[in-house]
Amino acid sequence: MRQNPSNRFLHWLEIVPSIAWILIALLIVFCLITPHFATLDNLFNLIRQGAVLTIVATGMVVAITSGGIDLSVGALIGLTGTVIGFTINRGLSWPLAMVVGVLVCSLAGLISGLIISKGRIFPFVVTFGMLFIARSIGLGLSQGGSIHIAGQAFSMIGSGYFLYLPIPFWVTLVAALIVLFFLKRTVFGRYIFSIGSDANSASWMGIKVDLIRVLVYVLSGTLAGVAGVVMASRVNTGNALIGQGTEFFAIASVVIGGTPITGGRGSLAGAVLGSFVITVLQNGLTLLGLSSQLTSAIVGIALMLGVIFAQLVYRGGLRGK
Amino acid sequence: MAENHRIVDMQGIIKNFPGVKALDMVDFDLSKGEIHVLVGENGAGKSTLVKILAGVLPLDHGTILIDGTPERIANPSRAQQLGISIVFQESNLSPYLTVAQNIFISHEPCRAGFVVDVREEERQAHELLRSLSMDINPNELVANLSLGKQQLVAFARALSFNPRVIILDEPTSSLTAQETELMFTTLRKLKKEGVGIIYISHRLEELFQIGDRITVLRDGKRIDTLLTKNTELNTIIRMMVGRDISEMYPKEITEIGKEAFRLEKVTRKGVCKDIDLTVRTGEVVGLFGLVGAGRTETMRMAFGLDAMESGSIFLYGEKIKHPSPSKSVGLGIGFSPEDRKQEGLCLALSLKENIARASLDQLFRSGFVSGKKENEIAQKYIHDLSIATPSVDRLALYLSGGTQQKVVLAQWLCAKSSILILDEPTRGIDVGTKAEIYRMINQLAQKGTAILVISSELPEVMGISDRIYVMCRGEITGMLDRADATPEKIAALAFGTQETINATKS
């Protein structure tokens, strides 16, 4: 059976996440049909564009694995920038302002997490509410518009280089590695899987379900804050509306990366690759001269195809055994 | 003297659920090195009692002494600290974590308090599984294991705490005979080491194999505690049910008519091969086989749930073209699945909605559902099948297993099914309700319904069937008439003895 070439092919399809094949196919297609795609400039551009989504997606995969979801992350990205702008303009040094910006998002996550676990309210509803709260605070701080962030140093995070690579790359890498470690090597990571498959049983096993839930949303919020720092630094502006919709692209990244929306299982690598697919699609299609509306539709189609493809491979693999 | 060895002493335990007194002044104790069996019908309070001891449920009144000291077991962690370990009835492992990760979840070998020492965890899991003679790879995902293996992993997890008290709630319900024996061997060893074991089971024959004492619960009250060696099975059944069951299987011979439902050469690769099977009107046909023999899969194809590769299904001699569930229901075939919670009922719907669910087209031809009519129909079946429920609006979720099974039956009676396929209709159901369901099967057969019962219980299949088909590894290995059927013959066919294997090969 194993020698059968079609089976071996299926076997390969199975062990390499389907999303990786989609990414490879996309890269090949864009290299062939878009002259400016395969340039170093564009690669760095891709990294800067994609960093925000990838960082948020690493938080989203944790929330979804735990059986929840975090819809507030897009609004938190905007909030971070306005908090940084607001505090710098009032004389705070930029590193401190950055920390405050991230901590505000951690606090938002903490509040969401507490309401979810203590109030026994669906994460969907709570984080949806937090989305509006965060956005309106952001709009309040920026007086309804955007705040220019003064100073060269802060913008270095978005536009600078470290070891020949854009700083957002390093930020993303560190964030992803921390989440990977958190999920795979710490007890909290284990508990997140356990809670996601059945919160009741998890509590019967002696797991402190409430505490873990709170941690999940603190983590997700904090990562949204980090993404917000990268975003604000890239555009040198605090704008409450800037991250709008990122939550949905993050959910899409997680889902096409092979993580079921129902919880209990999750692939961080899949989510990261998923965010790459979306970033590459957006970038490549824009380079091709497609309008942003059309780009969105194509991303939507890719989301569905990605999930269908993953399902086919899964079923095919089962039959192959 | 015995007092000194008492590890657990529960006194006057009272637990109320909304509308039900789940436990009413129950006393229960466990000594060192003892296997104490808890029996009772569904809803008698067995699981509630052990969940209180395991810190999962809070108690309303009563005292728990552990080694003679009063303890408040507020949460599962506290129970674990006290050396009390539990294997729950429902598997509560995380399917997408590995065996090793599941065994050690909530007490992982750690560095710095929260970083899991993965290698140490794997080593310990490997050692533990080997010491229990369990042939399970610690790095396998739990989702890839059979239900039986999963249950063994849950058992291994309970032992990984090195507990002084182990609670097993229906541990053998999905174990094979070998796996059960393996578990019993371990339990006997633990007993010798002085561990106290609380054992809940519906399989009464098991009690006599391993139990030292038996406590019978009924309707939340403790009826009696007996020494196993001085007790007879009938006594226990009488205590559980509260009345005599003169005969568990009140088979009535009915007049058997013409062919109603027939499978011809039904085949699907890797599932079943050339299945020929006939059920006649007024006949109860048993389909026996070991777990994994392909019985459920075959009947799912016959009902149209899964596609078959070749073969035909005939209804009253007429071939059903392209069988599908909706066509089958329309033609009067009913299917009661093995997993009634997942497949047989909508748990979030009320009792009356569940009953009418398969016959909405017939009942409400206008397309509008009438609540009044639904109520009347539900009342009729509540009366006919003596369904125990406070109201027709009770959600199926809150009904006991036996009542749920009756609702599934009512669903198909309401759809006027003339052919019923019942997959393990009495799994996890208490003795009293079992007998009631057998009586209903008899009554239906008398009215001319053709009934096929898939069962893994030998006494059941012999007790209720007019004819018995036996399946083994996807094939029918034999058919026996009621008069010819003996446990030995059926078992030989089910295990596929040498002759039958040779016969199929040639």
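With 16 C-beta neighbours inside 10 Å, B:Arg473 counts as partly exposed; a residue is buried if 20 or more other C-beta atoms lie within 10 Å of its own, exposed if 12 or fewer, and partly exposed in between, with C-beta atoms placed from the backbone. B:Arg473 sits in the loop that joins β21 (467-472) to β22 (475-481) of chain B. Helices (H or I, at least four residues) and strands (E, at least two) are DSSP runs, numbered from the N terminus. Although B:Arg473 is not a glycine, its phi is positive, at about 45 degrees.

Before we go on, please note that this is a predicted model, in which local features need pLDDT of at least 70 and side-chain atom pairs count only at pLDDT 80 or more, while totals for chains, interfaces and linings use all residues. Residues are numbered from 1 along each chain as its sequence is written, and chains are lettered from A and ligands numbered from 1 in the order in which they are written.

B:Glu424 also has a positive phi, near 50 degrees, and is a residue other than glycine. Most residues other than glycine have a negative phi. Where is B:Glu424 placed in chain B? B:Glu424 belongs to the loop between β19 (419-423) and α16 (431-446) of chain B, and it is buried, with 22 other C-beta atoms within 10 Å.

## Helix packing in chain A

Helix α4 (residues 73-89) and helix α12 (residues 246-256) of chain A pack at an angle of about 130 degrees, their axes 6 Å apart. Axes are lines fitted to C-alpha atoms, for helices over the stretch in contact, and angles run from 0 to 180 degrees between N-to-C directions. The two helices α4(A) and α12(A) are therefore oblique to each other: angles under 35 degrees count as roughly parallel, over 145 as roughly antiparallel, 65 to 115 as roughly perpendicular and the rest as oblique. On the α4(A) side, A:Val73, A:Gly74 and A:Ile77 meet A:Thr246, A:Glu247 and A:Ala250 of α12(A).

Helix α9 (residues 187-197) of chain A packs against α11(A) at about 105 degrees, with axes 10 Å apart, so α9(A) and α11(A) are roughly perpendicular. A:Phe188, A:Tyr191, A:Ile192 and A:Ile195 of α9(A) make this contact with A:Val209, A:Ile212, A:Arg213, A:Leu215 and A:Val216 of α11(A). By class, the contact of α9(A) with α11(A) has eight nonpolar residues, no polar and one charged. Here Ala, Val, Leu, Ile, Met, Phe, Trp, Tyr, Cys and Pro count as nonpolar, Asp, Glu, Lys and Arg as charged, and the others, Gly among them, as polar.

## Nonpolar cores

The largest nonpolar core holds 157 residues, and those with the most contacts inside it include A:Val56, A:Met60 and B:Val153. Its largest share, 15 residues, comes from helix α11 (residues 209-235) of chain A. Apart from it lies another core of 70 residues, B:Ala260 and B:Leu351 among them. Such a core is a set of buried Ala, Val, Leu, Ile, Met, Phe, Trp, Tyr and Cys residues joined through C-beta atoms within 7 Å.

## Where the chains meet

Chain A brings 16 residues into contact with 19 residues of chain B, where contact means that the C-beta atoms of two residues, placed from the backbone, lie within 7 Å. Helix α9(A) gives the largest share of the chain A side, six residues. That side has six nonpolar, six polar and four charged residues.
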